[in-house]
Amino acid sequence: MGAPVAIPVTALTPLIPVGTDRSAAVEDPAATEEIVLADLTDVVVQREIVISGAGIGVGDGATFTNEITTADGEHLAELTGAVTIVHVRPGDHRIFGFYREFLTFADGTARTMGIVDITATMAGQGQSIDAYGLSGRYRGTAGSRSYLQTDKPDTFHAEIVLRAPAAKPQ
């Protein structure tokens, strides 16, 4: 890869699932416990973008660190991640990337990963990617991390929803 090149974070940070059929799994609300972290702000703190040619191509990518805060401005989580461009569609140059992120909360960790449509984010569309709890309060949960770009550069409205199986009656 060549020297790092600065491009707008809106081209590489946001996420959207591809090929995930969420309608297939109908859940019984009484059978799950939800952790809903809503009305969040996701701000890019640092990023390093590596592009090997004249434009974005397969194999290019970025690493990034974001801060996620509550509506009151309190620090909720640090998000660290990376994206690798896996496809640039020849007809319309739509860009797809494989994202993998770690969320570090005071009370545990979670991760996200999946193929995302980066071009959709640049068009102002809300995005969502699957999330999985790894430790602490979040261990064994599954859900999503979603967000929508704001008018401020490198800033997104965000929500994290994780579900865990409810405790079985004794």
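Q: Is D92 buried, exposed or partly exposed?
A: D92 is partly exposed, because its relative accessible area is 42%. Buried means under 20% relative accessible area, exposed means over 50%, and partly exposed is in between (1.4 Å probe, protein chains only).

Q: Before we go on, what kind of model is this, and how are residues numbered?
A: This is a predicted model: local features need pLDDT of at least 70, side-chain atom pairs count only at pLDDT 80 or more, and totals for chains, interfaces and linings use all residues. Residues are numbered from 1 along each chain as its sequence is written, and side-chain values use heavy atoms, with hydrogens and water left out.

Q: Back to D92. Which residue does its side chain meet in a salt bridge?
A: The partner is R89, at 2.7 Å, N to O. A salt bridge is a side-chain nitrogen of Lys or Arg within 4 Å of a carboxyl oxygen of Asp or Glu. R89 counts as partly exposed, at 34% relative accessibility.

Q: How many salt bridges are there in the whole structure?
A: A search finds seven. One of them joins E34 and R163, at 2.9 Å, N to O. That pair links distant parts of the chain: E34 is in strand β1 and R163 is in strand β8, 129 residues apart. Strands (E, at least two residues) and helices (H or I, at least four) are DSSP runs, numbered from the N terminus.

Q: How accessible are E34 and R163?
A: E34 counts as partly exposed, at 45% relative accessibility. R163 counts as partly exposed too, at 29%.

Q: What does R94 form a salt bridge with?
A: R94 pairs with D117, and the closest N and O atoms are 2.6 Å apart. R94 sits in the loop between β3 and β4, while D117 is in strand β5, 23 residues apart. D117 counts as buried, at 9% relative accessibility.

Q: What share of the residues count as buried?
A: Of the 170 residues, 43%.

Q: Which members of the largest nonpolar core touch the most other members?
A: L37, I68, F105 and I160, out of 29 residues. A nonpolar core is a set of buried Ala, Val, Leu, Ile, Met, Phe, Trp, Tyr and Cys residues joined through side-chain atoms within 4.5 Å. The elements that give two or more residues to this core include β1 (32-50), β2 (61-69) and β8 (155-165).

Q: What is L37 in contact with, leaving aside neighbours within four places in sequence?
A: L37 is in contact with L76, F105, Y138, A158, E159 and I160. Contact means heavy atoms within 4.5 Å.

Q: How many aromatic pairs does a search of the whole structure find?
A: Three. Rings of Phe, Tyr and Trp (its six-membered ring) pair if their centres lie within 6.5 Å; planes under 30 degrees apart count as stacked, over 60 as edge-to-face and the rest as tilted. F64 and Y99 have ring centres 6.1 Å apart and planes at 55°, so the pair is tilted. F64 lies in strand β2 and Y99 in strand β4, so the pair ties together parts that are 35 residues apart in sequence.

Q: Are F64 and Y99 buried or exposed?
A: F64 is buried, and Y99 is buried too.

Q: And why is the pair of Y147 and F156 edge-to-face?
A: Their ring centres are 5.3 Å apart and their planes are at 80°, so the pair is edge-to-face. Y147 counts as buried, at 6% relative accessibility. F156 counts as buried as well, at 1%.
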